[in-house]
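Me: I would like to learn how to read side-chain features in a model. Can we take them one by one?
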Amino acid sequence: MQKELPKELLITIDRILKPEEGYKAPETNIQDALNELFPDEDSLGQINVIQEQLKQQREALQAEVQSLAEILKKEQDPERMGRIQELIFALLAQMNRIREKATESEAIVRAITKDIQRLDYAKKNLSLSMTTLKRLQMLVNGLEQLDIYVRQRSYTQIAQTLAAIKELSNFFKPYSAIERIAAVWKRVQQSQGVVRGLVEEDFDAFLLKDPSKPIANSVVADSCLVIDVLGEEVRNHVIERFCAMELKDYRRIFRPTDEAGQLDNISRRFSWFRRIINLHDEEYSNIFPESWNVGKVLCAKFTETTAEDINTLLTRLGPKLTVTTLLESLQQALDFEAFISRKYGIQLSDVINNTSRGNPSRAISVVFEKHMGVFVEAQDRAIADMTAGWRMPTRASLEEATPKEEDAHAVLQSSGDLFYFYGQTLEQCAKFTTGRPLFDLFLIFRKWLKVYAEEFLLQALRRKEPVAKDRKSSETRYSALEQRDVCRILNTADYCHRTALQLEDKVRDKVDRALEDKITMQPELEAFLGVISTAIGLLLRDLEISTDPFFTSMTRTSWTSIDTVTGQLSYVLELARTVDACVDIIKSSIEQKKYLRNFYDKASSLLITKFTNGMVRSRPLHDTGAEQMLLDFQTLKACLLRMPSTGEPDSIPSTYTKAITKQAVQVETILKVVSAPVDPQEPFIMNYIILIGDSSFSNFQKILDLKGIPGIAQNNLLDHFLATTSTKDDLPSTSFLSALDMDPGTTQITTRPSLTDSGTNTPRSGTPGITTPKPTERREVFSDLRRLVTFATRAGGKKVDHEEVN
């Protein structure tokens, strides 16, 4: 019988016989071809050459097509194709004959080996039957022997025989449908039940210590071998039974409703169990196999029962629960858990988890965790009592009277007491728990740190705040003692800031990993930085109040009546002495150099600003008056440059010197221009252009106002200035002089520090015209004459706040 050819072979033959149906003309894009031949306009000149090339390509293609057509015609000769088809059909016929021969050969071989296969199957079935019968006989004999050993209570033999019976019975599980096998299987189960009952009977007699039926320890030890053979379920039942019998008296004696079961007797619970576990090790260690871990299971059962009782007692006490009772009981529980850990070399939680069946029980100390709020609330009350005396509005709130010279950098003792209490409380709480109660205690720490910053340190600064009611009176200024007190508050805030960071890291190391990300003291750290900023602001305010009389004397000096420059005037000498005295006290009292630098930067900006305002209010100056004021300013500049000096070489930072020089050069430039003679006009105007460097009409008018030039002469100079600068297109329209306020007023430059919001109290002091405004026009005929002279200082002050304080 001829079989059908595979479908894939028929498709391939059809494609060979009809190749023209599989041919597909390629697609050609005429536009792409033209772009390739003529990529640009210059290539159009080569059109004749390209036409010749295309002609040659066409002729070559025609020749190739003709050649291929001849080959195809030859290949498609009907006679040749007929011969190919005859050969293919012959090949297929031969393949079919081979397939038929193979099928016949297979049938012949199968017929030859049929008897051999039948004999092989018979051999296998016979061997399996003999093995099965032999094992069945062994199983029946084993059951008979087991009955004999059971009557003799020979547990060693019972264990060996029962193990063999269980192994043999597993072989017969697939044959349980056979009646004879099912009967034997039933007998096996009954025998195991008999053995289990016998073992449990002897165990109960052993545990009850029945004198009428004494059981030797060796018999119980041998019965443990039988229990292992019976399986895990029986073993667990026996262990549970043993633990229940051992803890029976414990449940009776230490009931939560009896006196012995109360929290104040918790130590008796643990003492009782230590005696029981030691007795167990002495009497039962040679009876129970080590793999049973009976001692660990007994510990887990005791822990479970004790935890339930203690939880009941703690819940029942409720608000009557005292911190002393709570901590003493918890300490007793921790000591017991440490005893178990030392005994078995692993944590109690691992003992419970390794021996638990079903839901693992809790450790005893874990029960106390949800009641630790009593401890946290007690610490809250203790800190409240501690801080109550600190917020009294008296001098005693600063602990000491006048600090000793060797203790000039001391911090308030209250801060040390607070953090010492924090450290002790943290260690105590972490010893008991590292969970939620420790985090709640951390929140209490945060709460009182903020209270300490805002209600103690800031309030102490408020009581120290200088108020200049009478500018002529020195009663409103700080005394040396008060200045040191403010510095000590600053040092205290810095100490609290640094110690709070260490406390945060310490709590993060101790608390559970799940709460680690919630540990932060950023708001409290910012509060202490606010106290530091407020303290620096008060010191600057005091410095301003202290120097106001000298700047007032400066503005009342008749600068137009000065004919010659003979030396510094008395007001600037007194000003320098006052600044030196104030800075010496602050320098010896502030501990951190970064805060001293912050004060120096702001103080120098403040004094230069006040001198600039005094210079404007002192107009007219005239030439000699401006020279005298320039000399006085050099004295003030020298005073500012030596502020950070400690008497040692290189004690003044070069960055500070550069900053003071940069601020002072603007005042010096203004005074140099003002001191220049007006006549002749051309050199005076050129001197302005060289030193000031702008073409601003209003800025030049400010110089004339400072010199006190009268109206007619001023107009002539302004006209000459416009004529001169009109030819200088490269001059900017603004400069640092654009920020000079010609009507500065008489109010204080530093703002009164805010003592309610400790984070936003940066003093409003500044220097004149540090930053040159961006030019917007070629000419500035008139500009706002009320520019703030403090523009650049505010920018500089913010930068210092960020770099030094934060």
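Me: Which residue forms a salt bridge with Glu240, and how far apart are the closest N and O atoms?

Reply: First, a caution: this is a predicted model. The partner of Glu240 is Lys301, with the closest N and O atoms 3.1 Å apart. This pair links distant parts of the chain. Glu240 sits in helix α8 (residues 232-246) and Lys301 in helix α11 (residues 294-317), 61 residues apart.

Me: Is Glu240 buried or partly exposed?

Reply: Buried means under 20% relative accessible area. Glu240 has 30%, so it counts as partly exposed. Lys301, at 22%, is partly exposed too.

Me: Where in the structure do Glu200 and Arg196 lie, and what separates them?

Reply: Both are in helix α6 (residues 179-208). They are four residues apart, which means about one helical turn. Glu200 and Arg196 form a salt bridge, and their closest N and O atoms are 3.0 Å apart. The structure holds 25 salt bridges.

Me: What does the pair of Glu427 and Lys510 tie together?

Reply: Start with the contact: a salt bridge whose closest N and O atoms are 3.5 Å apart. Glu427 belongs to helix α16 (residues 413-432) and Lys510 to helix α18 (residues 480-510), so the bridge ties together parts 83 residues apart in sequence. Shared partners join Glu427, Lys506 and Lys510 into one network.

Me: How is a pair of aromatic rings described?

Reply: By the distance of the centres and the angle of the planes. A search of the whole structure finds 26 aromatic pairs. Take Tyr284 and Phe288: the ring centres are 6.1 Å apart and the planes are at 50°, so this pair is tilted. Tyr284 is buried, at 5% relative accessibility. Phe288 is buried as well, at 7%.

Me: Which residues do ring pairs link into a cluster?

Reply: Tyr250, Phe254, Phe270, Trp272, Phe273, Phe302, Phe336 and Phe339. A charge also meets one of these rings: the charged end of Arg274 sits over Phe339, 5.1 Å from the ring centre. Elsewhere, the charged end of Lys343 sits over the ring of Tyr344, 5.7 Å from its centre.

Me: Which residues form a nonpolar patch on the surface?

Reply: Leu34, Leu37 and Leu54, with about 230 Å² of accessible area together. Leu54 lies in helix α3 (residues 47-75). Its relative accessible area is 39%, so Leu54 is partly exposed.

Me: How many helices and strands are there in the protein?

Reply: 27 helices and zero strands. Of the 806 residues, 43% are buried.

Technical notes:
Residues are numbered from 1 along each chain as its sequence is written. This is a predicted model: local features need pLDDT of at least 70, side-chain atom pairs count only at pLDDT 80 or more; totals for chains, interfaces and linings use all residues. Side-chain values use heavy atoms; hydrogens and water are left out. Patches are made of residues with over 30% relative accessible area and no salt bridge: like charges are joined within 9 Å, nonpolar side chains (Val, Leu, Ile, Met, Phe, Trp, Tyr) within 5 Å. Accessible areas come from the Shrake-Rupley method with a 1.4 Å probe; for residues, only the protein chains shown count as cover. A salt bridge is a side-chain nitrogen of Lys or Arg within 4 Å of a carboxyl oxygen of Asp or Glu. Helices (H or I, at least four residues) and strands (E, at least two) are DSSP runs, numbered from the N terminus. Buried means under 20% relative accessible area, exposed over 50%, partly exposed in between (1.4 Å probe, protein chains only). Rings of Phe, Tyr and Trp (its six-membered ring) pair if their centres lie within 6.5 Å; planes under 30 degrees apart count as stacked, over 60 as edge-to-face and the rest as tilted. A charge sits over a ring if NZ of Lys or CZ of Arg is within 6 Å of the ring centre and within 35 degrees of the ring normal.
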